[in-house]
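Good morning, and thank you for coming.

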Amino acid sequence: MLTFLRTRFAQGTRTTAFPDQAPEFPERFRGRPVLDSSCCPEGCRECAERSPTSLIRIDANGRAMLDLGACQFSPEEVTTCPHGAVRYTRDHRLATSRRDDLVTPTGELELAHALEQQTRRLFGRSLRLRSVVAGSCNGCEA
Amino acid sequence: MTPPDHGLLNRRSIPWGAVPRQSPEAFGATVIEAVADGWRLMALCGLPESDSTVVLLAILGHDELGRLAAASAVVGREYPALTPQCPEAGIFEREIAEQCGVVPLGHPGMKPLRRHDPDHAPAGFAGRPTDREAYPVSALAGDDVHEVAVGPVHAGIIEPGHFRFQAYGEEVLALEIVLGYQHRGVERLLESLDRDRAMLVAEAIAGDTVIGHAEAFCGALEALARSHKSPRAQAIRGIALELERLANHLGDLGAMAGDVAYQPAAAYLGRLRGECLNALMTISGNRYGRGLIRPGGVGFDLPEAMVAELRDRLTRLRQELAPVLDLMFGNASVQARFEGVGVVAWQQCRERGFVGLVARACEVGRDVRHDHPYGVFRFAHVPVATAWAGDVLARALVRRLEIHRSLDFLIEQLAALPRGAPRTDCGALRPNELAVALTEGWRGEIAHVVVTDQAGRVRRHKVVDPSFHNWQALALALPGNQISDFPLCNKSFNLSYAGHDL
């Protein structure tokens with residue numbers, strides 16, 4: 001018991017200040033990607049052709065779009081742009097309410113928002129987020 | 001009998017034409033005799049050869065001699081199974097039947113493995129599609145025997161798998177494990193995608209073994225391209241691999257403590273696991289190390305300031321960890337719950353070819369870093385950690401020893417990181433060659449076997465995750481135990497569903 005108490009004291013309390021403070025990520029952390037289309041030369045499609053995923057797509061009007069739902073956050077997805085138009089930020093917030101909201105021309109997202117008061121009052125206590133694994137690599141769950 | 005030596009070694013390729021081509025009967029005899037003589041079946045797979053034939057390729061390894069050997073045979077729709085005389089081949093032959101549509105005649109336990117349509121069958125083998133629901137589970141008969149089915153959807157956020165217990169009261173008489181729910185067609189993807197995309201797939205074979213699989217994937221390609229990595233790149237790869245081992249071993253010990261309701265160790269070890277994942281994130285920008293291992297070296301160098309910071313963090317972790325492990329392993333109730341539960345016998349391990357910490361926990365000292373050394377492990381020797389009882393406690397003890405040895409390795413490497421370019425160009429693959437890349441991932445031996453065609457494209461990319469071998473060990477360890485000990489047993493193996501299902 002004494003050993004346990006001693007260990008308990010030595011280990012201390014180790015929680016982060018989130019959500020009161022924004023979490024800090026290391027310099028190399030790859031968060032939400034952004035696209036600055038002012039860097040794109042007219043008619044350039046290099047990113048869409050060379051990227052290992054479909055993060056960057058060219059829409060019907062020839063405009064580059066980011067699909068964050070297809071992003072694997074690998075270094076190669078942004079280095080395929082030779083003009084430096086795409087880069088990762090250190091923003092970790094990526095949740096949206098609808099799949100379509102993940103497709104944007106700039107990488108700016110309309111984030112999922114809290115439930116409105118009425119819905120929350122009616123259903124709040126029976127709502128649970130449930131994750132079911134089906135065909136993943138177990139990275140998100142581990 | 002010792003198979004002939006063609007110069008095949010871990011990450012040294014040989015011409016595809018140098019692989020002996022035998023009749024199916026002689027091929028079977030070669031494998032069976034080699035296994036009886038102390039060799040181990042590391043991989044057995046099929047490659048479509050023509051419209052109506054398949055080449056069977058066996059990769060054999062001898063751990064004491066540090067040697068690898070290959071054998072092959074051309075077969076049609078069927079061939080005599082190796083399994084009756086070589087139980088190690090059992091699961092591989094089930095896989096070949098499913099992937100290539102070739103029937104191993106006389107196989108004693110022929111059942112589907114992942115329940116998917118053949119994806120490596122010759123064009124002329126058009127058969128009927130696989131019935132995904134059909135899976136004959138062996139049931140026991142008797143008045144008081146009952147059956148308990150668990151999964152594939154579980155209460156926790158874990159991967160899908162179905163467990164069928166035949167029980168007498170609380171005692172388990174038999175356990176059958178049905179997997180395949182996570183099948184994504186990984187091998188086909190690795191064979192058909194370009195290198196950048198295949199690299200991302202390799203990192204996602206098993207989400208908790210990103211470094212291990214990425215390293216074996218790159219090792220095979222580099223062997224086929226004769227690419228030489230700098231000592232610095234090799235050291236950084238070794239550091240990442242041991243950080244991954246550390247994170248997972250700490251997490252597993254914590255989860256095992258949680259399963260026997262010893263919360264203090266569960267909480268402290270969970271936090272310390274996070275420290276290791278954060279160290280990987282500092283290096284690569286991702287908690288699992290994605291983006292770090294790339295063909296020809298590593299995607300990120302370690303600047304001097306980062307090296308010093310990592311060394312400080314790991315030294316502190318070593319100090320904080322020791323009292324927690326003492327607390328957990330010194331606790332009588334933890335010991336009592338771990339001891340004698342879920343025993344894998346030495347004999348079973350030799351017979352079925354189990355790998356990694358499951359093998360080392362029953363005194364079978366298999367460790368690729370020691371037996372088939374590569375990269376930094378040719379210069380920095382990590383002692384092999386073993387235990388003898390083969391139970392949950394032994395698997396915990398092996399993890400504990402390996403945690404200490406990985407920490408020693410990491411701190412030593414970070415004190416004297418060699419110079420060199422982090423990454424060199426990997427180049428094109430040589431045509432018509434065979435390469436085997438083995439890595440000792442945290443679960444055990446990861447094998448990537450790659451054969452190129454005459455244009456230097458990947459013709460076959462076989463992936464063997466340690467879980468592929470070791471799921472059988474869990475099924476063998478359960479009989480005689482209480483059903484209520486299953487979660488603890490399962491956690492002491494902590495096998496990958498995604499890695500098995502591919």
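I shall speak about the contact between the chains, then the salt bridges, and then the pockets and cavities.

First, the conventions. This is a predicted model, in which local features need pLDDT of at least 70, side-chain atom pairs count only at pLDDT 80 or more, and totals for chains, interfaces and linings use all residues. Residues are numbered from 1 along each chain as its sequence is written, chains are lettered from A and ligands numbered from 1 in the order in which they are written, and side-chain values use heavy atoms, with hydrogens and water left out.

Let me turn to the interface. The size of an interface is often given as the accessible area lost when the parts come together. Here chain A and chain B bury about 2900 Å² between them, 54% of it on carbon and sulfur atoms; buried area is the accessible area, taken with a 1.4 Å probe, that two parts lose on being put together, summed over both. Gln11(A), Arg28(A) and Cys137(A) supply 23% of the area that chain A buries against chain B, more than any other three residues. With contact meaning heavy atoms within 4.5 Å, 28 residues from chain A and 40 residues from chain B take part.

Next, the charged pairs. Side chains of opposite charge can pair when their charged atoms come close. Between chain A and chain B the count is two. Glu76(A) forms a salt bridge with Arg294(B), their closest N and O atoms lying 2.5 Å apart. Within chain B, Arg164(B) pairs with Glu147(B), where the corresponding distance is 3.2 Å.

Finally, the spaces. On a 1 Å grid over the protein atoms alone, a cavity is a set of points where a 1.4 Å probe fits but cannot get out, while a pocket is an open set with protein on both sides within 12 Å along at least five of seven lines; lining residues have an atom within 4 Å of a point. Grid points are joined across faces, edges and corners, and a volume is the space filled by probe spheres set on the points. The largest pocket holds about 950 Å³. Of its 28 lining residues, the closest to its centre are Phe73(A), Gly139(A), Cys140(A), Asn286(B) and Tyr288(B). There are four cavities of 30 Å³ or more, and the largest cavity holds about 60 Å³. Its lining includes Arg40(B), Asp63(B) and Glu445(B).

Notes: A salt bridge is a side-chain nitrogen of Lys or Arg within 4 Å of a carboxyl oxygen of Asp or Glu.
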